[in-house]
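Hi there,

Here is the structure I promised to pass on. Have a look at it first, and then read my notes below.

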Amino acid sequence: QVQLVESGGGLVQAGGSLRLSCAASGSIFSINAMGWGRQAPGKERELVAVITGGGSTNYADSVKGRFTISRDSAKNTVYLQMNSLKPEDTAVYYCNAEVVHSGRNYPIGYWGQGTQVTVSS
């Protein structure tokens with residue numbers, strides 16, 4: 001199995017910054033894409049940033065220009081730098097990884113337990 005452990009959430013004032021980290025461990029042969037999703041109360045989970053194994057990135061329109069995703073493939077770790085935070089960014093943030101296990105040629109998606117980000121106005 002695979003464990004994804006997020007860290008770095010917390011309470012910040014509007015306009016502030018936070019950096020989230022997520023480390024993947026367990027039975028991992030390789031990791032394809034990694035990403036971050038978020039879920040606010042009463043809303044569906046949305047994917048806000050993705051980074052491929054080759055380093056290509058994609059962002060939701062709501063966070064473009066403010067959030068930056070990066071990864072350290074040697075450490076199976078993905079980061080999300082969040083700047084110019086807004087109250088509407090308040091949500092539980094979840095890490096996602098597309099993991100290829102040894103002996104298989106297709107990825108399986110895993111989600112972490114989430115970390116709370118609260119932005120006060």
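Predicted model: local features only at pLDDT ≥ 70, side-chain atom pairs only at ≥ 80, totals over all residues.

**What I found**

Let's start at a turn: in the hairpin of E7 and E8, 4 residues lie between the strands, and Asn76 there has a positive phi near 50°.

Residues are numbered from 1 along each chain as its sequence is written, and side-chain values use heavy atoms, with hydrogens and water left out.

**Strand E8 and its partners**

Buried means under 20% relative accessible area, exposed means over 50%, and partly exposed is in between (1.4 Å probe, protein chains only). E8 runs antiparallel to E7 (residues 67-72), with 6 bridges joining the two, and Thr68 sits opposite Gln81 in E8. Strand E3 (residues 18-26) is also antiparallel to E8 and joined to it by 6 bridges; here Ser21 is opposite Tyr79. For two strands to count as paired, DSSP has to find at least two bridges between them.

**The core**

Which residues touch the most other members of the largest nonpolar core? They are Leu4, Trp36, Ile69, Val78, Leu80, Met82 and Tyr93, out of 30 residues in that core. E9 gives the most to this core, with 5 residues. A nonpolar core here is a set of buried Ala, Val, Leu, Ile, Met, Phe, Trp, Tyr and Cys residues joined through side-chain atoms within 4.5 Å. As background, nonpolar side chains tend to be buried together in soluble globular proteins.

Take Val78: leaving aside neighbours within four places in sequence, its contacts (heavy atoms within 4.5 Å) include Trp36, Ile69, Cys22 and Cys95.

**The disulfide**

Those two cysteines are worth a look. The structure holds 1 disulfide, formed by Cys22 and Cys95 with their sulfur atoms 2.1 Å apart; the cut-off for a disulfide is a pair of cysteine sulfur atoms within 2.5 Å. The pair links distant parts of the chain, with Cys22 in strand E3 and Cys95 in strand E9 (residues 91-100), 73 residues apart. The link is left-handed, with -80° about the S-S bond. Cys22 has a relative accessible area of 0%, so this residue counts as buried, and Cys95 is buried at 0% too.

Is Arg38 buried or exposed? Arg38 counts as buried because its relative accessibility is 6%. You'll find Arg38 in strand E4 (residues 30-39). Its side chain makes a polar contact of 3.0 Å with the side chain of Tyr93 and another of 3.4 Å with that of Ser62. A polar contact is a pair of N or O atoms within 3.5 Å; within protein, one must be able to donate a hydrogen and the other to accept it, and residues adjacent in sequence count only if both atoms are side-chain atoms.

Asp61 lies in the loop between strand E6 (57-59) and E7. With a relative accessible area of 65%, Asp61 is exposed, and its side chain has a polar contact of 3.2 Å with the side chain of Lys64.

Cheers
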